[in-house]
Amino acid sequence: FAALIYQTAWTRQFAFVFGTSELAVATVLAAYMGGLAAGAHFAARLAPRIQRPVRVYASVELGIAAAALLVPLFIDLATRLHAHLFSSTGLLAGEGGLATMLFYLVSSFVILLVPTALMGATLPLLARHAVRTNEEIGTRIGSLYAINTVGAVAGTLLSGFVLLPEIGLRQTVFVAVAGNALVFVLAAFLATSAPLPRSFTEVASRAFPSDRRRWI
């Protein structure tokens with residue numbers, strides 16, 4: 001829910017920098033999906049070694065909130081850097097050729113890498129806690145992903161049609177930050193009583209193919 005509020009709000013914020021909504025949507029979406037994929041990849045590799053996944057998940061949620069608060073600052077820095085680099089060309093935001101497009105793409109990836117990578121890490125951490133036997137992989141991860149998708153749809157609709165028109169851009173981001181903070185508090189509380197997950201070695205060996213098959 002919070003992640004899609006961020007994505008909607010950050011797309012609007014980057015549109016002010018890039019000058020066109022189409023370029024903002026394309027670059028933010030590319031950076032967003034890249035960050036999510038990177039975070040999920042590394043979290044999945046580390047998950048079998050984590051003994052307290054709920055506690056780590058709580059820390060990740062707090063990290064998302066903190067990183068999200070810094071995104072507007074870095075967007076402002078990117079705007080200033082753009083003006084410094086391209087002021088001599090006389091081009092406005094959204095104009096120009098390959099150089100400005102690369103600047104937008106690189107800056108969006110750099111700015112969004114930390115929060116989106118942390119977002120991508122959440123599902124593998126929750127799966128580490130939820131899946132205890134090989135038979136549970138499909139139902140448990142499927143349930144987590146279904147809840148994740150419902151929250152994403154709700155966040156998109158609420159931010160686009162209610163929050164942004166009614167309370168504005170900055171306050172909309174604060175709503176998502178508050179959501180992450182709430183999840184942090186709840187997860188940190190539940191982590192004290194969460195049972196330790198069983199060894200993931202057997203489950204992982206059955207769930208995932210060999211290195212060669214996985215590469216193919």
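Is Val173 buried or exposed? Please bear in mind that what you see is a predicted model. Val173 is buried, since its relative accessible area is 4%, under the 20% limit. The residue belongs to helix α6, which covers residues 169-191. Setting aside residues up to four places away in sequence, Val173 touches Tyr6, Ala9, Trp10 and Ala68. A further relation involves Ala3: 170 residues separate Val173 from Ala3 in sequence, yet their C-alpha atoms are 10.0 Å apart in space.

I turn now to helix α5, residues 137-167, where Ser159 is found. Ser159 has a relative accessible area of 0% and is therefore buried. Where does the side chain of Ser159 reach? It reaches the backbone oxygen of Gly155, at 2.7 Å. If neighbours within four places in sequence are left aside, the contacts of Ser159 are Leu4, Ile5, Thr8, Leu164, Pro165 and Thr172.

Next comes helix α3, residues 53-86. With 34 residues at 1.5 Å a residue, this helix should span 50 Å; the C-alpha atoms at its ends are 46 Å apart, which agrees with that expectation. The helix also has a kink of about 30° at Val71, shortly before the proline Pro72.

Let me close with the charged residues. In general, side chains of opposite charge can pair when their charged atoms come close. How many salt bridges does the model contain? The count comes to two.

One of them joins Asp76 to Arg80, with the closest N and O atoms 3.0 Å apart.

The salt bridge between Glu136 and Arg140 has its closest N and O atoms 3.4 Å apart. Here Arg140 is partly exposed, with a relative accessible area of 34%.

Thank you for your attention.

Methods. Residues are numbered from 1 along each chain as its sequence is written. This is a predicted model: local features need pLDDT of at least 70, side-chain atom pairs count only at pLDDT 80 or more; totals for chains, interfaces and linings use all residues. Side-chain values use heavy atoms; hydrogens and water are left out. Helices (H or I, at least four residues) and strands (E, at least two) are DSSP runs, numbered from the N terminus. The expected span of a helix is 1.5 Å times one less than its number of residues. The bend at a residue is the angle between axes fitted to the seven residues ending there and the seven starting there. Buried means under 20% relative accessible area, exposed over 50%, partly exposed in between (1.4 Å probe, protein chains only). A polar contact is a pair of N or O atoms within 3.5 Å; within protein, one must be able to donate a hydrogen and the other to accept it, and residues adjacent in sequence count only if both atoms are side-chain atoms. Contact means heavy atoms within 4.5 Å. A salt bridge is a side-chain nitrogen of Lys or Arg within 4 Å of a carboxyl oxygen of Asp or Glu.
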